[in-house]
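Please have the sequence and the structure at hand.

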Amino acid sequence: AGRVTDDVVVPTSGGRYDVHLKKRQRVAVYWEEEVSEVRRCTWFYKGDKDNKYIPYSEAFSEELEEAYMVAVTLDEWKKKLESPSREVIILHNPKLMVHYQPAAASDDWGSTPTEQGRPRTVKRGVENIAAEIPNGEPLQIDHLVFVVHGIGPACDIRFRSIVQCVNDFRNVSLSMLQAHFKKAQEQQQIGRVEFLPVNWHSSLHSTGVDVDLERITLPSINRLRHFINDTILDVFFYNSSTYCQTIVDTVASEMNRLHRLFLQRNPLFKGGVSIAGHSLGSLILFDLLTNQKPSPEEDEHREEGSRTTSSNRGVEEVQEILKKLELSEYCGVFEKEKMDRQALFLCTEENLKEMGIPLGPRMKILHYVSSEMEMQVCLLHGSCSSRSHPVALLSLRSAGCPANYPQLNYKPSIFFAFGSPIGMFLTVRGVKRINPNYSLPTCKGFFNIFHPFDPVAYRIEPMIVPDVEFEPMLLPHHKGRKRMHLELKEGLTRMSVDLKNNLLGSLRVAWQSFTRAPLPAVEAASTDAEAEAEPGVEKQPDTKPEEPPAAVKEDPPVINMGRLNGGNRIDYVLQEKPIESFNEYLFALQGHLCYWESEDTVLLVLKEIYQTQGITLDQPLPGSQ
């Protein structure tokens, strides 16, 4: 074979790494990572600890191969070779080759190492080596998901980076595809979902802010202060006008860069793109998505739909408002002026005065308008437009944060938030309610997934439907059932309720029988009255105990979740593990960092992604939407 002058590059690990054969290097494609060594393995020796075969370096493997070929050709064995680390390898025969470690380091006289120590087996070739070589990932990529991390450089309880955590998430997704999408895989309808990490922490802390913080940090409890500077302060950085712009720009530019690079390396990719954020990362993505600008066609379409809806119901809404304010006598005036809700919210005191509205009713209307402005979130392409109603445009950003939001090069299909504080931040920013008509400008789906003990997670649905109390959707277990301790807990609760109802029913019947029983002195003389009283007493036990079951069978009311997730549920809660239910506080931190290896979380993500392509689970999970 001729000399290879050009470096051959082989993509590996689903295209996330490139192996440069000439340089023998493995290089990460989408993120920064230390270059790792690649070896062409032909000779191995068995290790001490786990009995796994360890490859020799390529240079020494060539020496072993040359000595082996000479021994085979000339049939001269007992060959002794010395490795670069002064270890001895003896070739006794083709089936017996051993590796000796030197008993002690060589002395000053340079004596050769002796053949002492425990011998190790030496093997040529890869035949019969029980190496766990993975089958590899499907070549077809159906969907791309960008994952943004939260505070700090570490993303889980083991202080691993976002790259390592997303690797776990991806591996779990592959196993969930094999378990729950087997039919679609066998029919070659699906391949896999690619998850790529987005890192913004290193860019933020490379601005020199760490040096400034170090200068003012106290020397005591050094490790704790360093941890706070590296993690907790990211929340304060995001609320700073200076560093918030850096974070937002970094996340948007990094996702755009990864998207362009992915399309370059996968030119046949026709799937959609979704985004996921953990903790603070979900808030960053939410702020980005709320400030995206849809295409002019979609803008015009949405505004036409909004205009049609408002024209149909506009007059009726104004009449309802006036009735609520006890000003029904002025309905004719507003109807004559063709006043709808949007126009009413634009009215000033002078406008109302010109319409002939007296001072008292004017004050009532203006107070109602101002209170509604504070209570509702009225965003672009929601129930009103920013061009026609600038006052009602209540931003979801806090006061000190920038208004220059970068635009993404794509329209995400779904936004997944893991352990997200979005609800809390919106409330702190003064947003008390999200208008049911509001939806993210360029993203149709939104799922808020959290562990029940996660101290950072908050709900979203009560901000859309504040007047109704209801539980979040319980995320189905990936094996198709509730966890046993939750079923036992529900069973005991149900049993106690039944016992309570039965006991109360029995006591009620006994008391009624006792109070209505005839007196002994009258019993002999009034048989007719007794005969009439008996049927009434007998009917009570038949009718009264049936009341509690009738209340239990009532269907839960249908709750309108608005347009934020296309009318579907938004909040999904994981099922805690049995050991976690013993002490909520003990597992609070673990609850915030559990999403990377959570099969239930991954399965929901896959289910929702593939539903956009018309592909469903092999077997629907009980309790799923």
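## A ring cluster

Phe169, Phe195, Phe418, Tyr595 and Trp596 form a cluster, linked by ring pairs. The model is a predicted one.

## Ring pairs

Across the whole structure, a search finds 17 aromatic pairs. Tyr17 and Trp31 make an edge-to-face pair, because their planes stand at 90° with the ring centres 5.8 Å apart. This pair links distant parts of the chain, 14 residues apart. Tyr17 belongs to strand E2 (residues 17–20). Trp31 lies in the loop between strand E3 (25–28) and strand E4 (36–37).

Tyr68 and Trp77 also pair edge-to-face, because their planes are at 70°. Their ring centres are 5.9 Å apart. The cut-off for edge-to-face is over 60 degrees between planes.

Are Tyr17 and Trp31 buried or exposed? Tyr17 has a relative accessibility of 8%, so Tyr17 counts as buried. Trp31 is buried too, at 11% relative accessible area.

In the other pair, Tyr68 has a relative accessible area of 12% and is buried. Trp77 comes to 19%. Buried means under 20%, so Trp77 still falls in the buried class.

## Charges over rings

Which residue lies over the face of Tyr17? Arg26 does, at 3.7 Å from the ring centre. Tyr17 therefore has an edge-to-face partner in Trp31 and a charge over its ring from Arg26.

Key
Residues are numbered from 1 along each chain as its sequence is written. This is a predicted model: local features need pLDDT of at least 70, side-chain atom pairs count only at pLDDT 80 or more; totals for chains, interfaces and linings use all residues. Side-chain values use heavy atoms; hydrogens and water are left out. Rings of Phe, Tyr and Trp (its six-membered ring) pair if their centres lie within 6.5 Å; planes under 30 degrees apart count as stacked, over 60 as edge-to-face and the rest as tilted. Helices (H or I, at least four residues) and strands (E, at least two) are DSSP runs, numbered from the N terminus. Buried means under 20% relative accessible area, exposed over 50%, partly exposed in between (1.4 Å probe, protein chains only). A charge sits over a ring if NZ of Lys or CZ of Arg is within 6 Å of the ring centre and within 35 degrees of the ring normal.
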